[in-house]
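This briefing covers how the chains of one model are built and how they meet. The structure is shown below, followed by notes grouped by topic.

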Amino acid sequence: MGKTFQKPEALSDAITHYCPGCTHGVAHRLVAEVIDELGIRGRTVGIGPVGCAVMMYNYFTFDFQEAAHGRAPAMATGAKRVRPDLIVFTYQGDGDLASIGLSEIVHAANRGEKFTTIFINNAVYGMTGGQMAPTTMPDQRTTTSPFGRKVADVGMPIKMAEMLTSLETPGYIARQALIKPKYINRAKKAIKKAFTYQIENRCFGLVELISTCPTNWGMTPVDALKWAEEKMLHYYKLGEFKNPDED
Amino acid sequence: MGKVLMKGNEAIGEAAIRAGCLNYFAYPITPQSEVAEYLARRMPEVGGVFLQGESEVAVSYMIFGAAACGERIFTTSSSPGISLMSEGISYISGAQCPAVFVNIMRGGPGLGGILPSQADYLQSTKGGGHGDYKLLVMAPASVQEAVEMVMRAFPLAEKYRNPVMILGDGLIGQMMEPVEFPDHLKVEPSNKNEWATNGMDTRKSKTRNLVKTMYLNPEELNAHNLKLKAKYEQMAREEILYENYNLDGKYKVLIVSYGTMSRVCRTAIDNLKANGLEVGMVRPQHVFPFPHQAINQAASKKSCQAVLSVEMCMGQMVEDVERSVLGKRPVHWYGKCGGEVPTPEEVMEEVERLLS
Amino acid sequence: MQNEVQFAGFGGQGIMLMGQILAQAAMQAGFEVVWIPSYGPEMRGGTAYCTVVTGDRPIGSPIIRNPRHLVAMNRPSLEKFAPSVKAGGVIFINSSIISIDAGRDDVDVLKVPIIELARDLGNVKVANIIALAAFVARSKIVDFALLEAAVKDKFSEKEKLIPLNMKALEEGRKAALKS
């Protein structure tokens, strides 16, 4: 009998520093599996965020750049423009991508840069200790919205996938979730599609992944999964919003 | 190719191509936008990459991403734009990536004005962004020198794995002078496979490269900064560059000036000489590392009664001049800013005032 | 020997081009040369000026307070810059639109109705070339043949315009000799 389960070659042996119940590990594994399956490890350059995943390069076995907060899409643009033969992806959280790096992601997507972005949306700033993010849900308590996010004061959560879908430039935009096996399988398919479009030099691709942060949400991992499914999925609709085959 | 009459900004763009840099990202800002306009046409002709970024912040990281792949890369901007790029420049310096930045200075602070200035001296020579880092800073005084410096900047950036800045004032960018372009640079960056994220297949390696700036362990960060410091010390040993003017005679005043301002001073020195007053000048061509020793020596001459730092700003380089002269002679500053370029007559008056 | 020429007028009168052509001719003559524009908001509609400095040794200050010569293409430029011209220099006046005098008796004043002359050639756009030719013919700052070569060089990508500009040069030269 052959092996039924093994670590992707694209993942290193390092033990991750993520909290129990955190979904970064799931996202990392999906990316690594896709890179293995597409056979692109030797020409892939990952670009990490600032946030909990800042040291993600420790968990992968290919070239990596560490970006400044929010600037990964600009770095990916630079790398991909001067080396179009490389496969370049950014991996960014919601504070990184939807707040400080909003300009960079919007313009990269609008130029149709041929790289891939994995966007982790867990509705909170993780590394800095649970502050409000642009994606924090209405009335959700965080350390900087201790009485819950007040929409009248700070507006509604930003739907990044929908916002980027509104751009006229062709692209691949999808939102999936990392909270149940059926969603996780779909998430992997979306990630693979985004990378495939890049390999074919077709378009920019972004996969938003609804994730959990049990530590900063103040929940057990199981409750966090439940909360994400009940509170987030009705607002952050899953699915494929845009692909370059449409039109 | 013989001499051609060319605007400084355009010549800078052409010089980069001849240095083998076929990648350029930029954001428009007066008075250097002609570089982008020139390269928007020229890069496609030579199969190069041109991209107008959405902001100077984004451009500085496009530079970082490209430099991290080991490709020659440069950008041009002007003072407020360089402030925005300073975040990226700090990261690029920390990550030890080679890149070339051109600052065609305008007056500040804030929006300031668009006319020539040298008010970014301290910003460029003392770091500029956060953290302990330095740039190798070259200060051309003519279009020809700007071309030669741009072409030297790339190999030096690669030698030190550190950003190099060309610090020109608005006039260097805007004026036209005859230029003779040196031959194309044939030197390829030699050691990039050791550090660049150019893809493992590219360098036929089984180990990956990592470009980063974060060292959470204090001992590691200290060691990293010591490594950077050693590079700046090596620059101070190997990259001092300056030009002496009229230092043979018994000069009574020593002028220290760079860039366009130094040309005004040269005319002032010639005129004073004709009037029977000897004045010498040291012109730093690299402002970091700074020619402390040369200035100290020149100031120490018996005949020299005072040292005058002449700048198109409110007195920034004068701090380095004071550190050079070490109290041996009184050090003075003269300058104007906001696009008011001191005339030779004004410099002459200032020298005469010093001696009266 | 250093020479400085200030060209000044409205934006759109081809001020920068005149200076560039002279600078090109001076370079071909083997002089050191610098061309400096005024740049900034005044580029559109207001006063535009540029300075050309030529010399037989490296040019020091590119900033000139007192130029040797002035080419004034409109009245505000003449009023602003005529007082600063060095004694013995040439002040060129576009007499088509400037009705006043230079107010100097220590300079060589050359008045040419360049707009009318250009119109006679069938294209008012060459007025600046007529002015440049008249100024060069009078000041002898560079050899006239080198000026012709510089004009040809400048229009090398628009060859159709060269014969018209050659006529303009000739018209300017004649005007300088006449007045």
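In chain B, 80% of the contacts with a separation of 6 or more join residues 24 or more positions apart; two residues are in contact if their C-beta atoms, placed from the backbone, lie within 7 Å. The model is predicted: local features need pLDDT of at least 70 and side-chain atom pairs count only at pLDDT 80 or more, while totals for chains, interfaces and linings use all residues. Residues are numbered from 1 along each chain as its sequence is written, and chains are lettered from A and ligands numbered from 1 in the order in which they are written.

**Chain B**

- Chain B has twelve helices and 15 strands, which are DSSP runs numbered from the N terminus (helices H or I, at least four residues; strands E, at least two).
- Its radius of gyration is 21 Å, close to the 21 Å of the globule rule for 356 residues, so chain B is as compact as a globular protein of that length. The radius is taken over C-alpha atoms, and the rule is 2.2 Å times the number of residues to the power 0.38.
- The C-alpha trace of chain B spans about 70 × 50 × 40 Å along its principal axes.
- Of the 356 residues in chain B, 57% are buried, meaning that 20 or more other C-beta atoms, placed from the backbone, lie within 10 Å of the residue's own.

**Nonpolar core**

- The largest nonpolar core has 253 residues; such a core is a set of buried Ala, Val, Leu, Ile, Met, Phe, Trp, Tyr and Cys residues joined through C-beta atoms within 7 Å.
- Domain 1 (4-238) and domain 2 (242-355) of chain B each give at least three residues to this core, with bounds from an automatic or database domain assignment.
- Among the residues with the most contacts inside the core are Ile63(B), Val150(B) and Phe92(C).
- Val150(B) touches Ile12(B), Ala15(B), Ala16(B), Ala19(B) and Ile166(B), leaving aside residues up to four places away in sequence.

**Chain pairs**

- Two pairs of chains are in contact, and chains A and B share the most contacts.
- Chains A and C have no contact, and their closest C-alpha atoms lie 29 Å apart.
- Between chains C and B, 16 residues of chain C are in contact with 21 residues of chain B.
- On the side of chain C that touches chain B, strand 2 of chain C gives the largest share, five residues.

**Helix 7 of chain A**

- Buried residues of helix 7 of chain A include Ala187(A), Ile191(A) and Phe195(A).
- Asn201(A), with a positive phi near 60°, follows helix 7 of chain A.

Technical notes: A residue is buried if 20 or more other C-beta atoms lie within 10 Å of its own, exposed if 12 or fewer, and partly exposed in between; C-beta atoms are placed from the backbone.
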